[in-house]
Amino acid sequence: MPIIVNVDVMLAKRKMQSKELAEKIGITPANLSVLKTGKAKGIRFDTLEAICKILNCQPGDVLEYVDESVMQAS
């Protein structure tokens, strides 16, 4: 998938555990896990906003686009 979710990276930088983030943004740890593993089909803007607010970051710190055609050509 060309969208990489870097929630784990931001959690490590903020020294926070997934369970704590899930509680603060109001989603289940299971749903946060789905997002973190890249298995989610989408994310609501209010959820993304809450993640950014709690982790004090920008959406680009959490989500990254990687062009798969460039990766496969290497």
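What percentage of the 74 residues of the protein chain count as buried? The share is 27%, where buried denotes under 20% relative accessible area, exposed over 50% and partly exposed in between, with a 1.4 Å probe and protein chains only. The model is predicted: local features need pLDDT of at least 70, side-chain atom pairs count only at pLDDT 80 or more, and totals for chains, interfaces and linings use all residues. Residues are numbered from 1 along each chain as its sequence is written, and side-chain values use heavy atoms, leaving out hydrogens and water.

The protein chain holds 6 helices and 2 strands. These are DSSP runs numbered from the N terminus (helices, H or I, at least four residues; strands, E, at least two). Their order from the N terminus is β-α-α-α-α-α-β-α. The C-alpha trace spans about 40 × 25 × 20 Å along its principal axes. Contact is defined as heavy atoms within 4.5 Å. Among contacts between residues at least 6 apart in sequence, 64% join residues at least 24 apart.

Helix 1 (residues 7-14) packs on helix 3 at an angle of about 115°, and their axes are 9 Å apart. Helix 1 is therefore roughly perpendicular to helix 3. Angles of 65 to 115 degrees fall in this class; those under 35 count as roughly parallel, those over 145 as roughly antiparallel, and the rest as oblique. Axes are lines fitted to C-alpha atoms, for helices over the stretch in contact, and angles run from 0 to 180 degrees between N-to-C directions. V7, D8 and L11 of helix 1 meet L32, L35 and K36 of helix 3. The residues of this contact comprise 4 nonpolar, no polar and 2 charged. Ala, Val, Leu, Ile, Met, Phe, Trp, Tyr, Cys and Pro count as nonpolar, Asp, Glu, Lys and Arg as charged, and the others, Gly among them, as polar.

L35 lies in helix 3. L35 counts as buried because its relative accessibility is 8%. Beyond its neighbours within four places in sequence, L35 contacts V5, V7, A40, I43 and I51.

Helix 3 (residues 29-36) gives the most to the lining, with 3 residues. The lining divides into 5 nonpolar, 3 polar and 1 charged.
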